[in-house]
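The sequence and the model are shown first.

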Protein chains: 2
Amino acid sequence: MSTDEAVALLREAGLRVTPQRVAVLKALAAESHPTAEGILARILPEYPGTGLATVYNTLAALARRGRVLAIASPEGRRYDLRTEAHQHVRCRRCGRVEDLPEWPGAAWVHTVLPAGWSAEGWQVMVEGLCDTCRSVAS
Amino acid sequence: MSTDEAVALLREAGLRVTPQRVAVLKALAAESHPTAEGILARILPEYPGTGLATVYNTLAALARRGRVLAIASPEGRRYDLRTEAHQHVRCRRCGRVEDLPEWPGAAWVHTVLPAGWSAEGWQVMVEGLCDTCRSVAS
DNA sequence: ATACGTGCAAATACTTTGCACGTCA
DNA sequence: TGACGTGCAAAGTATTTGCACGTAT
């Protein structure tokens, strides 16, 4: 993601543009589903002194506005620049997360909700082992 | 779940039978997808003094043997007596989780994995608002 | 100018672990 | 009896919050 794109995204979201926020967005685009720590690690070389709290604050602000998706997993949260892909595979050994192509079950969702519930979205999480972890010991 | 069923489940899993573990299993059966705290709260009246660590230990032991499923969500983990249902709805306001009937497209999973990955399971999490939260303010 | 964002540190969960004692098999 | 489980407390992690200072608009 270019700086200009990051700036535009922040403005559209109604957030002030700061170098740290631009850096968070670039880190989100550069790495697939990073953790907050992973994002910070990517930012520090360019902006030493950036605080982890700022990363969390930025992610929370973006998530509240629907620009970023928080993915809960047993190894902690990971973040995703929200695209239309809400289906992921997670490696049970290393926690890595990757996208999957679109899930064909969207119509099914609306036919099976318990009475009185409404659906606003969904996530599919496939669990398995990634290429790297499979090639290492078992 | 009856005491006898709980005892049988523990024996099958190769775990020692203790009153606390039986109580954890009964709590899991009595409440839909409780949190560790919720399980403890349900146990305390009958077994005052039970420790939260014991609940976590029991859940971890059962999860390791595949008798219980840990469900990660932004509001923390919830636990489920493992049945074959791995599709859930979660209320975005109160965090409640309920089961959905089986999604008929399991075959899809195996056709979309990234190269080199293997799949061991999957979960579908639909997000929305539950009946109670919908009827309260917006 | 002023509201919002930042960095630090402290606070808050939530979950795991160490240890001495008790108990199931 | 001996290994495993329990309860308590302490230790980890992960995330959020308070506050004084800085900066984007």
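How far from a phosphate oxygen of DNA strand C does a polar side-chain atom of Arg21(A) lie? The distance is 2.7 Å.

## Basis of the report

The model is predicted: local features need pLDDT of at least 70, side-chain atom pairs count only at pLDDT 80 or more, and totals for chains, interfaces and linings use all residues. Residues are numbered from 1 along each chain as its sequence is written, chains are lettered from A and ligands numbered from 1 in the order in which they are written, and side-chain values use heavy atoms, with hydrogens and water left out.

Sugar or phosphate accounts for 80% of the atoms of DNA strand C within 4 Å of the protein, and bases for the rest.

Two further approaches involve phosphate oxygens of DNA strand C. Thr54(A) places a polar side-chain atom 2.6 Å from one, and Arg77(B) has a backbone N or O atom 3.3 Å from one. The elements that give two or more residues to this surface are helix H2 (19-30) and helix H4 (52-64) of chain A together with helix H4 (52-64) of chain B, where helices are DSSP runs (H or I) of at least four residues and strands are runs (E) of at least two, numbered from the N terminus. H4(B) gives the largest share, four residues.

## The interface of chain A and chain B

Contact (heavy atoms within 4.5 Å) takes 40 residues from chain A and 39 residues from chain B. The buried area, that is, the accessible area (1.4 Å probe) that the two parts lose on being put together, summed over both, is about 3300 Å², of which carbon and sulfur atoms give 62%. Trp108(A), Trp117(A) and Glu120(A) supply 22% of the area that chain A buries against chain B, more than any other three residues.

Glu120(A) also forms a salt bridge with Arg92(B) (2.8 Å, N to O); the rule requires a side-chain nitrogen of Lys or Arg within 4 Å of a carboxyl oxygen of Asp or Glu. Two salt bridges are found across the interface.

## Strand pairing

E5(A) and strand E5 (residues 118-129) of chain B pair in the antiparallel sense over eleven bridges; pairing requires at least two bridges found by DSSP. Within this pairing, Met125(B) is the bridge partner of Gln123(A).

Technical notes: Near = heavy atom within 4 Å. Polar contact = N/O pair within 3.5 Å; in protein donor to acceptor, adjacent residues only side chain to side chain.
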